Amino acid sequence: VFTNSTEWKELPVGIRPVTSTLLHQLLQSKAQSTSQRYLKEIGKFICWCKLVKVPSAPPFSVSLAVAYMSKVYNQSQSYSSLVLIHSALKWYHSFLPLVHQNPFDSKILSNFLESAKRCKPTVNRKVPISPDMIKAIVDKYATSAASLKDLRLTCLCTLGFAAFLRFDELSNIVPLHLTITSGYLKIFIPRAKNDVYREGNFVYVSRLKDKYCPVAILERYMMNGGMDFSSNLPLFRVLRFYKSSNTYKLCRNKLSYSRCREIFKDCIKDLGHDSSRFGLHSLRSGGATAAVRHNRNLSERSLKIHGRWRTSNAKDMYILDDVAERLKISNNLGL
């Protein structure tokens, strides 16, 4: 579709771009994972166009765009799927130098997306984990006789809590990304959800003077796992149990999201809490909530940098408001 477009053929041969090279460059306008998802949706749209015997090459009519998105929504009833398809096809349409308005900028599709957004089910957000729960995890799983399996769990929880880490960030940390000094831990985050241009970021975690110190727990976990700081293998990996020696050893594969979530929920359940109310994101939101409650003078800029949030709105979604603080307003109205 792209290389055979008449827009290129109208140009003199001497200045006509190499369309295959140009297409490759345009595909890099999005992150690789995003491009792959978009191309998959574009492929589905082209197949549908062939099935109903309509042209699949831009420019599309607004009515064709509405018809396809309406068909997809009626089948899936999913707002997120609709947003993905809208973004993918809008991107697809923008590849050609057309003077026509992009049909996916039309008012009718904007209203259609807004309608689907209003009809989507309410999301029950997971509860932030509290500092007392983190301490309970350390007390239970980081004893002097703790196994490598227990230390992995404790390190994952304390590091995720203290550094406000998403699972994707936790799972991609390698020892090579870590710098430990006498006063703090420095973590290089090579890829983050909001790091659009993959420039990377650094997170600092202070060394504490008690047994709940995330840095000390990390050092202990790495020592028991036989890891060194030059390794480029994942920090949190699959474990293998050896019956002959009654010990655990780390494999090369990183811990999957489903397995990590299962381990975390089992831990929460063992502590006597309702595990259905918590998820891996509870570590990130719990750390952010605790930081705000225990540091009333904490600057918003410092909090956003530590949590790697681009906007205040994104940050506020992670922080659970303190009821006592909210009651101060109605308690001080001069009544």
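## Two domains

The protein chain splits into domain 1 (6–119) and domain 2 (131–323), with bounds taken from an automatic or database domain assignment. Their C-alpha centres lie 39 Å apart.

A word on the basis: this is a predicted model, in which local features need pLDDT of at least 70 and side-chain atom pairs count only at pLDDT 80 or more, while totals for chains, interfaces and linings use all residues. Residues are numbered from 1 along each chain as its sequence is written, and side-chain values use heavy atoms, with hydrogens and water left out.

## Helix α8

Let us turn to α8, residues 148–162. Helices (H or I, at least four residues) and strands (E, at least two) are DSSP runs, numbered from the N terminus. The end C-alpha atoms of α8 are 21 Å apart, which agrees with the 21 Å that its 15 residues should span at 1.5 Å a residue; the expected span is 1.5 Å times one less than the number of residues.

Of the 15 residues in α8, 12 are buried (under 20% relative accessible area, with a 1.4 Å probe and protein chains only). Among them are Leu148, Arg152, Thr154, Gly160 and Phe161. Just after the helix, Phe164 has a positive phi of about 55°.

## The largest nonpolar core

A nonpolar core is a set of buried Ala, Val, Leu, Ile, Met, Phe, Trp, Tyr and Cys residues joined through side-chain atoms within 4.5 Å. The largest one has 48 residues, and Ile129, Ile187, Tyr221 and Leu235 touch the most other members. The biggest contribution to this core comes from α8, with 8 residues.

On a 1 Å grid over the protein atoms alone, a cavity is a set of points where a 1.4 Å probe fits but cannot get out, and lining residues have an atom within 4 Å of a point. The largest cavity holds about 40 Å³ of space, a volume being the space filled by probe spheres set on the grid points, which are joined across faces, edges and corners.

Its lining consists of Arg152, Leu153, Leu156, Leu255, Cys260, Ile263 and Phe264. The elements giving two or more residues to this lining are α8 and α11.

A pocket is an open set of points with protein on both sides within 12 Å along at least five of seven lines.

Methods. Buried < 20%, exposed > 50% of the residue type's maximum accessible area, 1.4 Å probe, protein only.
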